Amino acid sequence: MFSARRTTSIAVAAAALAGATTLTATGAQAAESQPKDTVWNLGYDVAATTNVKKMNQSSSTTGFSFSTVHVEKGTLSSDLMLKDLKTPVKLGGLQIGYATIAVEPVGKATGTIDATTHKVTQTQKAYLHIKDLSPAGHGLINLVGKNCKTSAPVEIPVSGTMKGGFDPITLSGNFTIPSFTGCGTGGTLNKLVTKQVSGPGNSITLKLTPRA
């Protein structure tokens with residue numbers, strides 16, 4: 001079990017991660033009186049920006065995150081829910097349309113909060129689903145069909161350091177996009193989509209703001 005000082009540090013870290021809780025600890029005496037496995041349920045508004053290296057294209061969206069923090073253990077799990085991203089798509093330097101992309105989580109994001117450095121790390125697994133690719137971006141003509149998604153979940157690790165108990169925190173990281181499957185009639189566009197999108201060196205930034 002953590003000492004009182006370390007438990008208080010994790011409590012501060014947890015508040016910075018999600019910004020809302022009904023529990024507070026005032027000083028070492030309060031920390032020592034906490035149960036062996038203190039669990040906090042926390043919430044954050046999220047602003048997300050991604051960059052796909054091969055497309056050289058950035059996209060932004062919003063969402064929210066609900067986290068469960070085990071205070072003494074310094075572990076966390078989060079439900080991260082983002083709205084669909086919409087991004088221009090180019091082929092051979094020419095814009096051919098707009099893609100609507102969903103991030104579909106596989107289970108919860110899991111991670112840790114370091115009691116000494118206040119560093120947060122977590123990893124989310126998710127499928128990237130190109131729900132629509134159309135010239136006007138309105139879904140009238142969907143070039144890739146309804147089932148175009150990564151052939152395996154993307155592993156998205158992010159990390160960041162907290163600055164204060166109720167300040168926003170920024171988490172960032174890099175990830176690799178696997179090949180795609182189910183694109184076009186009978187998968188006829190799998191290779192083309194994979195060539196244009198898949199590969200390493202993609203980035204994501206999550207700005208988490210405490211929910212009011």
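Predicted model: local features only at pLDDT ≥ 70, side-chain atom pairs only at ≥ 80, totals over all residues.
1. Both cysteine 148 and cysteine 183 are buried. A disulfide is a covalent bond between the sulfur atoms of two cysteines. A search of the whole structure finds 1 disulfide.

2. The position of this bond in the chain deserves attention. It links distant parts of the chain, since the cysteines are 35 residues apart. Cysteine 148 belongs to strand S8 (residues 148-150), while cysteine 183 is in the loop between strand S11 (180-181) and H3. As to handedness, the torsion about the S-S bond of cysteine 148 and cysteine 183 is about 70°, so the disulfide is right-handed.

3. Lysine 149 is placed over the face of tyrosine 127, at 5.5 Å from the ring centre.

4. The next points concern empty space. Rolling a probe the size of a water molecule over the atoms shows where such space is left. The structure holds 1 cavity of 30 Å³ or more. The volume of the largest cavity is about 340 Å³. Its lining consists of 28 residues, and those closest to the centre are Thr50, Leu85, Val103, Leu128 and Phe175.

5. What is the make-up of the lining of the largest cavity by class? It has 21 nonpolar and 7 polar residues, and no charged residues. Strand S7 gives the most to this lining, with 6 residues.

6. The largest pocket has a volume of about 380 Å³. The elements that contribute two or more residues to its lining are strand S4 (85-91), strand S5 (94-105), strand S7 (119-134) and helix H3 (190-197). In total, 22 residues line the largest pocket. Met55, Val89, Lys90, Ile96 and Gln196 are the ones that lie nearest its centre. By class, the lining of the largest pocket comprises 15 nonpolar, 5 polar and 2 charged residues.

7. Isoleucine 96 is part of strand S5 and is among the residues nearest the centre of the largest pocket. Is isoleucine 96 buried, exposed or partly exposed? Its relative accessibility is 34%, and therefore isoleucine 96 counts as partly exposed. Isoleucine 96 and proline 135 are 39 residues apart in sequence, yet the C-alpha to C-alpha separation in space is 5.8 Å.

8. Two residues call for a remark on backbone geometry. Asparagine 56 has a phi near 50°, a positive value in a residue other than glycine. Asparagine 56 occupies the loop between strand S1 (39-52) and strand S2 (57-70). With a relative accessible area of 65%, asparagine 56 is exposed.

9. Histidine 118 likewise has a positive phi, of about 65°, although it is not a glycine. Where is histidine 118 found? Its place is in the loop between strand S6 (109-113) and S7.

How values were computed. Residues numbered from 1 in each chain as written. Heavy atoms only, no water. Lys NZ or Arg CZ within 6 Å of the ring centre and 35° of its normal. 1 Å grid on protein atoms, 1.4 Å probe; cavity = no way out; pocket = protein on both sides within 12 Å on 5 of 7 lines; lining within 4 Å. Points joined across faces, edges and corners; volume = space filled by probe spheres on them. Helix = DSSP H or I, 4+ residues; strand = E, 2+ residues; numbered from the N terminus. Nonpolar A, V, L, I, M, F, W, Y, C, P; charged D, E, K, R; others polar. Disulfide = S-S within 2.5 Å. Buried < 20%, exposed > 50% of the residue type's maximum accessible area, 1.4 Å probe, protein only.
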